[in-house]
Amino acid sequence: MKPKAPSADELPKTLGPAKAVWDGIISAVAAKYSPLAQEWKPSKSDFGFMCLLKQKKRTLLYLTPDAGKIRIAIVLGERAVAIALASELPAFIRKLISEARPYAEGRGIRFDVSTADDVSLVAGLVDFKTTPK
């Protein structure tokens with residue numbers, strides 16, 4: 001049985017002002033990676049769900065709603081890691097990437113976002129992840 005998505009008022013109630021950031025991230029990613037599907041999965045977070053942004057079968061980004069912020073998770077392959085570390089990303093993101101444990105799927109990082117400035121940061125990480133070979 002597929003888990004149902006949270007109700008229309010649960011998400012804005014939890015996110016508060018960060019709902020605009022949520023919408024911005026989804027719009028920015030959808031603008032480049034259409035068709036983009038949102039798939040809700042159960043999560044151990046306080047909210048109880050996480051949203052996977054998927055292009056066909058590939059998961060681009062994980063978004064978990066939290067009180068007034070969004071928990072972002074993304075897995076970068078080694079090529080994307082190299083591009084990201086050489087980029088102008090904020091130092092704390094580059095540190096997260098360089099310290100992330102490498103797995104077969106790549107290196108996963110998690111961090112919180114809550115402001116409009118974070119939309120381009122998250123969209124940029126998705127760009128690194130999807131850079132063609």
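So, is phenylalanine 92 buried, partly exposed or exposed? We're looking at a predicted model, where local features need pLDDT of at least 70, side-chain atom pairs count only at pLDDT 80 or more, and totals for chains, interfaces and linings use all residues. Residues are numbered from 1 along each chain as its sequence is written, and side-chain values use heavy atoms, with hydrogens and water left out.

Okay, the rings. A search of the whole structure turns up 5 aromatic pairs, meaning Phe, Tyr or Trp rings (six-membered ring for Trp) with centres within 6.5 Å; planes under 30 degrees apart are stacked, over 60 edge-to-face, the rest tilted. Tryptophan 22 and tryptophan 40 are stacked, 5.8 Å centre to centre with 15° between the planes. Tryptophan 22 sits in helix H2 and tryptophan 40 in strand S1, 18 residues apart; helices are DSSP runs of H or I, at least four residues, and strands are E runs of at least two, numbered from the N terminus.

Tryptophan 22 is buried at 2% relative accessibility, and tryptophan 40 is buried at 13%. Buried means under 20% relative accessible area, exposed over 50%, partly exposed in between, with a 1.4 Å probe and protein chains only.

Next, phenylalanine 92 and phenylalanine 111: centres 6.3 Å apart, planes at 85°, so that pair is edge-to-face. Phenylalanine 92 is in helix H4 and phenylalanine 111 in strand S6, so the pair ties together parts 19 residues apart in sequence. And my opening question? Phenylalanine 92 is partly exposed, at 46%, while phenylalanine 111 is buried at 4%.
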